[in-house]
Amino acid sequence: MVFKDFKGACHIHTDYSDGNIPIHEVVTSAQDTDLDFIILSDHNTLLPKHEGWEGWHGKLLVIIGMEASPRREGHFLALNTKPLAGNRDVDLSRYKYMSSRECLEEAVDYGSTAYIVHPMGLRKKTFMINLNGWQDWERNGFAGIEIWSYFLDWFEGLKISNFRHFCKYPHLQIKGPNPKLLSLWDQLGKHRKVAGISGIDAHLRKIPFARRPLFTYKELFQTLRTHVFIEGELSKSDKAIQSVCNAHQEGRCYISFDLLADATGFSFVADTEEGTYLMGKEIFNQRGKIHFKTKTPYPATIKLLKDGEICAERNGSTLEYLNNEKGVFRIEVYRENKPWIFSNPIYIR
Ligand SMILES: [Zn+2]
Ligand SMILES: [Zn+2]
(Lines give C-alpha, C1' and ligand atoms only; values in the text may rest on other atoms or scores of the structure.)
(Ligands and ions follow the chains in the order given, each with its own letter.)
Protein backbone atom coordinates (compact mmCIF):
# COMPACT_ATOMS: atom_id res chain seq x y z
CA MET A 1 0.00 0.00 0.00
CA VAL A 2 1.36 3.40 -0.91
CA PHE A 3 0.07 6.24 1.20
CA LYS A 4 0.49 9.83 0.08
CA ASP A 5 0.48 13.01 2.16
CA PHE A 6 -2.30 15.57 1.48
CA LYS A 7 -2.56 18.81 3.43
CA GLY A 8 -5.56 20.82 4.38
CA ALA A 9 -6.88 23.60 6.58
CA CYS A 10 -9.73 22.92 8.93
CA HIS A 11 -12.28 24.91 10.97
CA ILE A 12 -13.11 27.75 8.60
CA HIS A 13 -16.09 30.11 8.73
CA THR A 14 -17.76 31.91 5.82
CA ASP A 15 -20.64 34.35 5.51
CA TYR A 16 -23.02 31.38 5.86
CA SER A 17 -22.46 32.18 9.56
CA ASP A 18 -20.10 34.74 11.13
CA GLY A 19 -17.02 34.46 8.89
CA ASN A 20 -17.80 37.82 7.25
CA ILE A 21 -16.42 36.71 3.90
CA PRO A 22 -18.31 35.20 0.94
CA ILE A 23 -17.69 31.51 0.43
CA HIS A 24 -16.41 32.00 -3.14
CA GLU A 25 -13.64 34.27 -1.75
CA VAL A 26 -12.75 31.62 0.83
CA VAL A 27 -12.40 29.05 -1.94
CA THR A 28 -10.34 31.43 -4.12
CA SER A 29 -8.01 32.23 -1.18
CA ALA A 30 -7.42 28.51 -0.62
CA GLN A 31 -6.81 27.94 -4.35
CA ASP A 32 -4.11 30.64 -4.18
CA THR A 33 -2.16 28.49 -1.69
CA ASP A 34 -0.80 24.95 -2.01
CA LEU A 35 -3.63 23.31 -0.03
CA ASP A 36 -5.19 20.05 -1.22
CA PHE A 37 -8.40 20.42 0.80
CA ILE A 38 -10.27 22.74 3.14
CA ILE A 39 -12.92 21.87 5.70
CA LEU A 40 -15.54 24.58 6.15
CA SER A 41 -17.46 24.64 9.42
CA ASP A 42 -20.11 27.31 9.72
CA HIS A 43 -22.07 27.58 12.96
CA ASN A 44 -25.19 25.41 13.16
CA THR A 45 -25.80 25.16 9.42
CA LEU A 46 -25.12 22.86 6.48
CA LEU A 47 -26.59 25.24 3.94
CA PRO A 48 -23.31 25.49 1.92
CA LYS A 49 -23.62 21.74 1.35
CA HIS A 50 -27.25 22.01 0.22
CA GLU A 51 -26.23 24.82 -2.13
CA GLY A 52 -23.62 22.69 -3.87
CA TRP A 53 -20.31 24.03 -2.54
CA GLU A 54 -18.92 20.64 -1.52
CA GLY A 55 -16.59 18.88 -3.97
CA TRP A 56 -13.76 19.74 -6.32
CA HIS A 57 -13.01 23.36 -7.19
CA GLY A 58 -10.17 22.88 -9.65
CA LYS A 59 -7.44 21.09 -7.70
CA LEU A 60 -8.94 22.03 -4.33
CA LEU A 61 -11.30 19.68 -2.50
CA VAL A 62 -13.91 21.54 -0.44
CA ILE A 63 -15.50 19.58 2.40
CA ILE A 64 -18.50 21.01 4.22
CA GLY A 65 -18.66 20.24 7.92
CA MET A 66 -20.45 22.19 10.60
CA GLU A 67 -19.50 23.69 13.95
CA ALA A 68 -22.23 22.73 16.36
CA SER A 69 -22.27 25.79 18.61
CA PRO A 70 -24.56 25.76 21.62
CA ARG A 71 -24.68 29.29 22.98
CA ARG A 72 -23.72 28.43 26.55
CA GLU A 73 -21.57 25.30 26.18
CA GLY A 74 -18.66 23.78 24.28
CA HIS A 75 -18.57 23.43 20.49
CA PHE A 76 -17.68 20.57 18.17
CA LEU A 77 -16.95 20.11 14.49
CA ALA A 78 -19.19 17.57 12.75
CA LEU A 79 -17.80 15.74 9.72
CA ASN A 80 -19.43 13.00 7.62
CA THR A 81 -22.55 15.13 7.69
CA LYS A 82 -24.27 13.55 4.69
CA PRO A 83 -27.11 11.87 6.65
CA LEU A 84 -27.55 14.99 8.79
CA ALA A 85 -27.51 17.25 5.73
CA GLY A 86 -29.79 14.87 3.86
CA ASN A 87 -32.53 15.32 6.41
CA ARG A 88 -33.98 18.79 6.02
CA ASP A 89 -36.30 18.16 8.99
CA VAL A 90 -33.34 18.57 11.30
CA ASP A 91 -33.31 22.29 12.07
CA LEU A 92 -29.67 22.86 12.94
CA SER A 93 -30.22 26.46 14.07
CA ARG A 94 -31.85 25.07 17.23
CA TYR A 95 -28.41 23.72 18.28
CA LYS A 96 -27.83 27.23 19.56
CA TYR A 97 -30.30 26.61 22.37
CA MET A 98 -29.48 22.96 23.10
CA SER A 99 -26.82 21.50 25.39
CA SER A 100 -23.53 20.19 23.95
CA ARG A 101 -24.56 16.69 25.02
CA GLU A 102 -27.88 16.85 23.15
CA CYS A 103 -26.22 18.22 20.00
CA LEU A 104 -23.48 15.58 20.14
CA GLU A 105 -25.94 12.72 20.61
CA GLU A 106 -28.07 13.88 17.71
CA ALA A 107 -25.15 14.50 15.34
CA VAL A 108 -23.64 11.09 16.12
CA ASP A 109 -27.07 9.42 15.72
CA TYR A 110 -27.14 10.84 12.19
CA GLY A 111 -23.73 9.31 11.48
CA SER A 112 -21.52 12.38 11.92
CA THR A 113 -18.10 12.15 13.48
CA ALA A 114 -17.45 14.84 16.08
CA TYR A 115 -14.26 16.69 17.03
CA ILE A 116 -14.25 18.94 20.09
CA VAL A 117 -13.00 22.39 19.03
CA HIS A 118 -11.31 25.00 21.24
CA PRO A 119 -11.64 22.41 24.06
CA MET A 120 -10.08 24.66 26.74
CA GLY A 121 -12.12 27.75 25.74
CA LEU A 122 -10.87 31.34 25.80
CA ARG A 123 -12.17 34.46 27.50
CA LYS A 124 -10.81 37.94 26.70
CA LYS A 125 -13.27 40.55 27.86
CA THR A 126 -11.22 43.46 26.49
CA PHE A 127 -11.36 42.02 22.98
CA MET A 128 -14.91 40.68 23.29
CA ILE A 129 -13.82 37.07 22.80
CA ASN A 130 -15.78 34.45 24.69
CA LEU A 131 -15.32 30.84 23.56
CA ASN A 132 -16.71 28.09 25.74
CA GLY A 133 -14.52 25.15 26.69
CA TRP A 134 -15.69 21.52 26.72
CA GLN A 135 -16.94 20.19 30.07
CA ASP A 136 -18.33 16.75 29.38
CA TRP A 137 -15.10 14.72 29.10
CA GLU A 138 -16.62 11.65 30.77
CA ARG A 139 -18.93 11.14 27.83
CA ASN A 140 -17.60 9.34 24.77
CA GLY A 141 -19.10 9.89 21.36
CA PHE A 142 -16.55 12.29 19.93
CA ALA A 143 -13.90 10.95 17.55
CA GLY A 144 -11.25 13.52 18.26
CA ILE A 145 -10.21 16.93 19.52
CA GLU A 146 -8.74 20.06 18.00
CA ILE A 147 -5.41 19.95 19.78
CA TRP A 148 -3.95 23.05 18.14
CA SER A 149 -5.91 26.11 17.06
CA TYR A 150 -4.06 28.92 15.31
CA PHE A 151 -6.51 31.56 16.37
CA LEU A 152 -6.55 30.54 20.05
CA ASP A 153 -2.79 30.12 20.20
CA TRP A 154 -2.26 33.63 18.79
CA PHE A 155 -4.97 35.16 20.93
CA GLU A 156 -4.00 33.60 24.24
CA GLY A 157 -1.12 35.96 25.06
CA LEU A 158 -2.72 39.07 23.58
CA LYS A 159 -2.96 42.21 25.72
CA ILE A 160 -3.56 45.87 24.90
CA SER A 161 0.12 46.52 25.70
CA ASN A 162 1.46 44.01 23.13
CA PHE A 163 -1.33 44.42 20.59
CA ARG A 164 0.73 46.18 17.89
CA HIS A 165 3.60 43.74 18.24
CA PHE A 166 1.23 40.74 17.96
CA CYS A 167 -0.36 42.14 14.80
CA LYS A 168 3.01 42.97 13.21
CA TYR A 169 4.63 39.59 13.91
CA PRO A 170 1.72 37.16 14.32
CA HIS A 171 3.60 33.90 13.79
CA LEU A 172 6.25 34.82 16.39
CA GLN A 173 3.52 34.57 19.04
CA ILE A 174 2.68 30.95 18.26
CA LYS A 175 3.49 28.70 21.24
CA GLY A 176 2.07 25.34 20.17
CA PRO A 177 -0.71 23.24 21.65
CA ASN A 178 -1.74 23.97 25.23
CA PRO A 179 0.27 21.56 27.47
CA LYS A 180 -2.80 20.86 29.65
CA LEU A 181 -4.74 19.85 26.55
CA LEU A 182 -1.92 17.58 25.36
CA SER A 183 -1.85 15.92 28.75
CA LEU A 184 -5.62 15.40 28.64
CA TRP A 185 -5.27 13.93 25.13
CA ASP A 186 -2.58 11.51 26.38
CA GLN A 187 -4.89 10.46 29.23
CA LEU A 188 -7.87 9.88 26.93
CA GLY A 189 -5.67 7.87 24.57
CA LYS A 190 -4.95 5.32 27.30
CA HIS A 191 -8.57 4.15 27.08
CA ARG A 192 -9.49 4.63 23.43
CA LYS A 193 -8.31 6.17 20.20
CA VAL A 194 -8.89 9.94 20.14
CA ALA A 195 -7.75 11.65 16.94
CA GLY A 196 -5.93 14.99 17.15
CA ILE A 197 -6.68 17.54 14.45
CA SER A 198 -5.79 21.19 13.83
CA GLY A 199 -8.04 24.18 13.31
CA ILE A 200 -7.52 27.77 12.33
CA ASP A 201 -10.96 29.07 13.34
CA ALA A 202 -10.81 31.44 10.38
CA HIS A 203 -13.03 34.52 10.51
CA LEU A 204 -12.39 37.88 8.93
CA ARG A 205 -12.34 39.01 12.53
CA LYS A 206 -12.30 42.64 13.46
CA ILE A 207 -11.71 43.22 17.15
CA PRO A 208 -11.69 46.38 19.27
CA PHE A 209 -8.51 48.50 18.74
CA ALA A 210 -7.83 46.96 15.31
CA ARG A 211 -8.18 49.17 12.24
CA ARG A 212 -8.53 46.24 9.85
CA PRO A 213 -9.39 42.55 10.17
CA LEU A 214 -6.59 40.66 11.89
CA PHE A 215 -5.69 38.16 9.17
CA THR A 216 -6.63 37.52 5.58
CA TYR A 217 -7.77 33.99 4.77
CA LYS A 218 -4.80 33.54 2.47
CA GLU A 219 -2.47 34.31 5.39
CA LEU A 220 -4.34 31.89 7.64
CA PHE A 221 -4.25 29.10 5.06
CA GLN A 222 -0.46 29.15 5.16
CA THR A 223 -0.24 28.55 8.91
CA LEU A 224 -1.62 25.47 10.64
CA ARG A 225 -2.51 22.40 8.58
CA THR A 226 -3.58 18.82 9.12
CA HIS A 227 -1.75 16.43 6.80
CA VAL A 228 -3.61 13.19 6.08
CA PHE A 229 -2.28 9.93 4.64
CA ILE A 230 -4.40 8.48 1.87
CA GLU A 231 -3.80 5.57 -0.47
CA GLY A 232 -3.31 6.65 -4.07
CA GLU A 233 -4.24 9.90 -5.77
CA LEU A 234 -6.93 11.98 -4.07
CA SER A 235 -7.92 13.74 -7.30
CA LYS A 236 -8.57 10.44 -9.07
CA SER A 237 -10.76 9.05 -6.31
CA ASP A 238 -14.55 9.20 -6.46
CA LYS A 239 -14.53 8.82 -2.68
CA ALA A 240 -12.12 11.69 -1.99
CA ILE A 241 -14.28 13.39 0.67
CA GLN A 242 -14.86 10.14 2.54
CA SER A 243 -11.13 9.32 2.37
CA VAL A 244 -10.16 12.65 3.97
CA CYS A 245 -12.86 12.27 6.65
CA ASN A 246 -11.76 8.67 7.38
CA ALA A 247 -8.10 9.70 7.73
CA HIS A 248 -9.12 12.30 10.33
CA GLN A 249 -11.31 9.84 12.22
CA GLU A 250 -8.63 7.13 12.24
CA GLY A 251 -5.91 9.57 13.34
CA ARG A 252 -4.00 8.76 10.15
CA CYS A 253 -2.79 12.35 10.17
CA TYR A 254 -0.49 14.89 11.79
CA ILE A 255 -0.57 18.60 12.47
CA SER A 256 2.08 21.04 11.37
CA PHE A 257 2.78 24.74 11.48
CA ASP A 258 3.72 24.92 7.80
CA LEU A 259 4.66 28.59 7.93
CA LEU A 260 7.93 27.42 9.54
CA ALA A 261 8.49 24.83 6.79
CA ASP A 262 6.19 22.56 4.79
CA ALA A 263 6.17 19.31 6.77
CA THR A 264 5.29 17.11 3.77
CA GLY A 265 7.64 14.12 3.98
CA PHE A 266 7.17 13.66 7.73
CA SER A 267 6.43 10.11 8.84
CA PHE A 268 6.04 8.18 12.08
CA VAL A 269 5.59 4.41 11.75
CA ALA A 270 5.80 1.26 13.84
CA ASP A 271 7.66 -1.64 12.24
CA THR A 272 6.64 -5.04 13.60
CA GLU A 273 7.02 -8.66 12.50
CA GLU A 274 3.47 -8.48 11.13
CA GLY A 275 3.96 -5.30 9.14
CA THR A 276 4.44 -1.54 9.19
CA TYR A 277 1.75 0.63 10.75
CA LEU A 278 1.02 4.34 10.40
CA MET A 279 0.04 6.80 13.09
CA GLY A 280 -3.46 6.30 14.44
CA LYS A 281 -2.98 2.52 14.57
CA GLU A 282 -3.85 0.51 17.67
CA ILE A 283 -1.58 -2.55 17.96
CA PHE A 284 -2.86 -5.27 20.30
CA ASN A 285 -0.93 -8.10 21.97
CA GLN A 286 2.32 -7.52 20.14
CA ARG A 287 4.88 -10.24 20.98
CA GLY A 288 8.13 -9.08 19.39
CA LYS A 289 9.76 -5.67 19.71
CA ILE A 290 8.32 -2.68 17.93
CA HIS A 291 10.67 -0.49 15.94
CA PHE A 292 9.41 3.13 15.88
CA LYS A 293 10.80 5.13 12.96
CA THR A 294 10.39 8.87 12.46
CA LYS A 295 11.54 11.00 9.57
CA THR A 296 11.29 14.77 9.05
CA PRO A 297 11.84 16.64 5.75
CA TYR A 298 14.33 19.04 7.41
CA PRO A 299 16.61 18.68 10.46
CA ALA A 300 14.85 19.48 13.70
CA THR A 301 14.53 18.39 17.33
CA ILE A 302 12.44 15.20 17.36
CA LYS A 303 10.86 13.95 20.59
CA LEU A 304 9.14 10.59 21.08
CA LEU A 305 6.66 10.65 23.95
CA LYS A 306 5.18 7.69 25.80
CA ASP A 307 2.03 8.53 27.78
CA GLY A 308 3.07 12.18 27.71
CA GLU A 309 6.68 11.66 28.91
CA ILE A 310 9.68 12.02 26.60
CA CYS A 311 11.31 8.62 26.08
CA ALA A 312 13.69 9.53 23.22
CA GLU A 313 14.97 12.78 21.74
CA ARG A 314 17.32 13.56 18.86
CA ASN A 315 18.48 16.49 16.74
CA GLY A 316 18.45 15.51 13.07
CA SER A 317 16.06 14.24 10.42
CA THR A 318 15.43 10.77 11.85
CA LEU A 319 14.71 9.12 15.19
CA GLU A 320 14.51 5.38 15.76
CA TYR A 321 13.49 3.58 18.94
CA LEU A 322 13.09 -0.07 19.87
CA ASN A 323 10.18 -0.64 22.21
CA ASN A 324 8.63 -3.55 24.04
CA GLU A 325 6.26 -1.68 26.33
CA LYS A 326 2.60 -0.76 26.15
CA GLY A 327 1.60 2.89 25.95
CA VAL A 328 0.44 5.81 23.84
CA PHE A 329 3.37 6.87 21.65
CA ARG A 330 3.44 10.11 19.68
CA ILE A 331 5.94 12.54 18.16
CA GLU A 332 6.57 16.26 18.70
CA VAL A 333 9.01 18.12 16.45
CA TYR A 334 10.53 21.55 17.12
CA ARG A 335 12.38 23.60 14.52
CA GLU A 336 14.52 26.52 15.70
CA ASN A 337 12.85 26.03 19.10
CA LYS A 338 9.42 26.65 17.60
CA PRO A 339 6.66 24.00 17.70
CA TRP A 340 6.38 22.50 14.22
CA ILE A 341 4.88 18.98 13.97
CA PHE A 342 2.56 17.01 16.29
CA SER A 343 1.75 13.46 15.21
CA ASN A 344 -1.22 11.35 16.12
CA PRO A 345 -0.28 8.49 18.43
CA ILE A 346 0.44 4.85 17.72
CA TYR A 347 -1.25 2.92 20.52
CA ILE A 348 0.42 -0.20 21.87
CA ARG A 349 -2.26 -2.06 23.88
ZN1 LIG B 1 -16.61 27.80 18.41
ZN1 LIG C 1 -15.25 28.33 15.00
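Mentor: In helix H1 (23-31), the buried residues are Ile23, Val26, Ser29 and Ala30, where buried means 20 or more other C-beta atoms, placed from the backbone, within 10 Å of a residue's own, exposed means 12 or fewer, and partly exposed is in between. These four cover an arc of only 120° around the axis, judged from the directions from the axis to the C-beta atoms, which puts them on the same side of H1. This is a predicted model, in which local features need pLDDT of at least 70 and side-chain atom pairs pLDDT 80 or more, while totals for chains, interfaces and linings use all residues. Residues are numbered from 1 along each chain as written, with chains lettered from A and ligands numbered from 1 in written order.

The cover over the buried residues of H1 includes strands E1, E2 (37-43) and E4, together with helices H2 (47-50) and H8 (217-220); helices (H or I, at least four residues) and strands (E, at least two) are DSSP runs numbered from the N terminus. The loop that leads from E1 (3-12) to H1 holds Asp15, a residue that is partly exposed, with 16 other C-beta atoms within 10 Å. Leaving aside residues up to four places away in sequence, Asp15 touches Asn20, Ile21, Pro22 and Ile23 (C-beta atoms within 7 Å). Asn87, by contrast, is 72 residues from Asp15 in sequence and 22 Å from Asp15 in space, C-alpha to C-alpha.

Of its 95 residues, Ile38, Phe76, Ala78, Ala114, Tyr115 and Val244 touch the most other members. Among these, Phe76 has contacts with Ala68, Leu104, Ala114, Tyr115, Ile116, Val117 and Phe142, again not counting residues up to four places away in sequence.

This core draws at least three residues from each of domain 1 (3-257) and domain 2 (267-348), whose bounds come from an automatic or database assignment. The two domain centres, taken over C-alpha atoms, are separated by 26 Å, and the contact takes 22 residues from domain 1 and 15 residues from domain 2. On the domain 1 side, E9, H7, E10 and E12 (253-257) each supply at least two residues, and E12 gives the most, with five.

In H7 (179-189), Leu181, Trp185 and Gly189 are buried, and they fall within an arc of 75° seen down the axis, so they line one face of the helix. These residues pack against strands E9 (144-149), E10 (195-199), E18 (327-335) and E20 (346-348), whereas the face turned away from the buried side carries the exposed residues Pro179, Lys180 and Ser183.

E12 also pairs with E19 (338-343) in the antiparallel sense over three bridges, pairing requiring at least two DSSP bridges, and here Ser256 has Ile341 as its bridge partner. E19 pairs with E18 as well, antiparallel over four bridges, with Tyr334 opposite Pro339. E18 and E19 form a hairpin with two residues between them, and Glu336 in the turn has a positive phi of about 50°.

Definitions and conventions
Contact = placed C-beta atoms within 7 Å. Core = buried A, V, L, I, M, F, W, Y, C linked by C-beta atoms within 7 Å.
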